[in-house]
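Subject: Structure for your review

Hello,

Here is the structure we discussed. Please look through it alongside the notes below.

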Amino acid sequence: MAFRDLREFIDRLDQQGELLRIKDEVDWHLEMGAIGRRALDLRAPAPLFENVKGYPPGYRVVAGLTGGSSPSLHARVALSLGLPPDTSPQDLVETFCQRTERPLPPVRAAEAPCQEEVFLGPDVDVLRLPVPWVHACDGGRYLGTWNICVTKDPDTGWVNWGLYRVMVHDGRTLGIL
């Protein structure tokens with residue numbers, strides 16, 4: 001099963017009991033990070049924060065989709081790959097390896113859900129999004145922690161894919177180590 005967007009994947013997790021909707025107001029400053037960490041420790045469903053302090057209704061943050069290690073998290077990885085939630089960790093690894101050996105070609109789309117809201121030039125402000133400050137020892141808020149960053153050297157065309165934390169310095173400046 002392929003998911004059209006993150007919303008479809010979240011709906012699937014909800015259907016499988018792998019999502020915990022948190023409707024109470026939660027602060028982006030450390031509180032979301034603490035709840036997300038505790039959910040991982042307890043091997044609880046992935047928390048979906050639906051009411052972020054200081055942000056309008058409809059702005060949501062989800063945590064713990066595939067991080068950590070537990071039977072519940074293996075189920076989420078399996079679901080993300082379109083497999084049954086009880087797929088064994090060994091079968092997950094084998095499926096992942098098979099799929100990376102035979103990648104699907106990209107499909108260019110004229111429009112996509114990620115393009116529903118586009119801000120350019122002086123309208124760019126990533127702090128319009130409820131970016132969490134995850135850990136007390138962090139230097140700031142992080143837009144991404146377990147995400148894939150794709151960068152391309154404009155001179156050589158060389159492309160790098162990597163897992164990097166993306167720190168927000170201000171509404172228009174991000175830092176990637």
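Strands E1 and E2 (residues 46–49) pair in the parallel sense, and 4 bridges hold the pairing. Please keep in mind that this is a predicted model. Two of the residue pairings can be named: arginine 21 has leucine 48 of E2 as its bridge partner, and isoleucine 22 has phenylalanine 49, also in E2.

E1 and E2 belong to an open sheet of 3 strands with the order E1-E2-E3, and its pairing is mixed. E1 (19–22) and E3 (61–62) each have a single partner strand and stand at the edges, so one side of each has no neighbour in the sheet.

Helix H1 (residues 6–15) lies across E1, E2 and E3 and runs at about 105° to E1. Helix H2 (residues 31–41) also lies across E1, E2 and E3, in its case at about 155° to E2. Together, E1, H2 and E2 make a β-α-β unit, which is right-handed.

Next, the nonpolar cores. The largest has 8 residues: Phe9, Ile10, Leu13, Leu19, Ala46, Leu48, Leu65 and Leu79. H1 and E2 each supply at least two residues of this core, and H1 gives the most, with 3 residues. For one member, leucine 19, the contacts beyond four places in sequence are Ile10, Leu13, Asp14, Pro45, Ala46, Leu48 and Val62. Another core, of 7 residues, lies apart from the largest one; among its members are Val26, Met32, Phe49 and Tyr55. In soluble globular proteins, nonpolar side chains tend to be buried together.

Where does valine 26 lie? Valine 26 is in the loop between E1 and H2. Its relative accessibility is 3%, under the 20% cut-off, so valine 26 counts as buried. Setting aside residues up to four places away in sequence, valine 26 touches Glu31, Met32, Ile35, Phe49, Asn51, Val52 and Lys53. The C-alpha atoms of valine 26 and valine 168 are separated by 20 Å, and the two residues are 142 residues apart along the chain.

The other sheet to look at is also open and has 3 strands, in the order E4-E7-E8, with antiparallel pairing. Its edge strands are E4 and E8 (173–176), each of which pairs on one side only. From one strand to the next, the twist averages 40°. E7 (residues 166–170) and E8 run antiparallel and are joined by 4 bridges. Within that pairing, valine 166 stands opposite isoleucine 176 in E8.

Is aspartate 138 buried or exposed? Its relative accessible area is 12%, and because the cut-off for buried is under 20%, aspartate 138 counts as buried. Aspartate 138 is found in the loop between helix H4 (89–101) and strand E4 (141–144). Its side chain makes a polar contact with the side chain of arginine 165, at 3.0 Å. Apart from neighbours within four places in sequence, aspartate 138 is in contact with Trp133 and Arg165.

Regards

Conventions. Residues numbered from 1 in each chain as written. Predicted model: local features only at pLDDT ≥ 70, side-chain atom pairs only at ≥ 80, totals over all residues. Heavy atoms only, no water. Pairing = 2+ DSSP bridges. Contact = heavy atoms within 4.5 Å. Axes fitted to C-alpha atoms, helices over the stretch in contact; angles between N-to-C directions. Buried < 20%, exposed > 50% of the residue type's maximum accessible area, 1.4 Å probe, protein only. Polar contact = N/O pair within 3.5 Å; in protein donor to acceptor, adjacent residues only side chain to side chain. Core = buried A, V, L, I, M, F, W, Y, C linked by side-chain atoms within 4.5 Å. Right-handed = clockwise from strand over helix to strand, strands pointing away.
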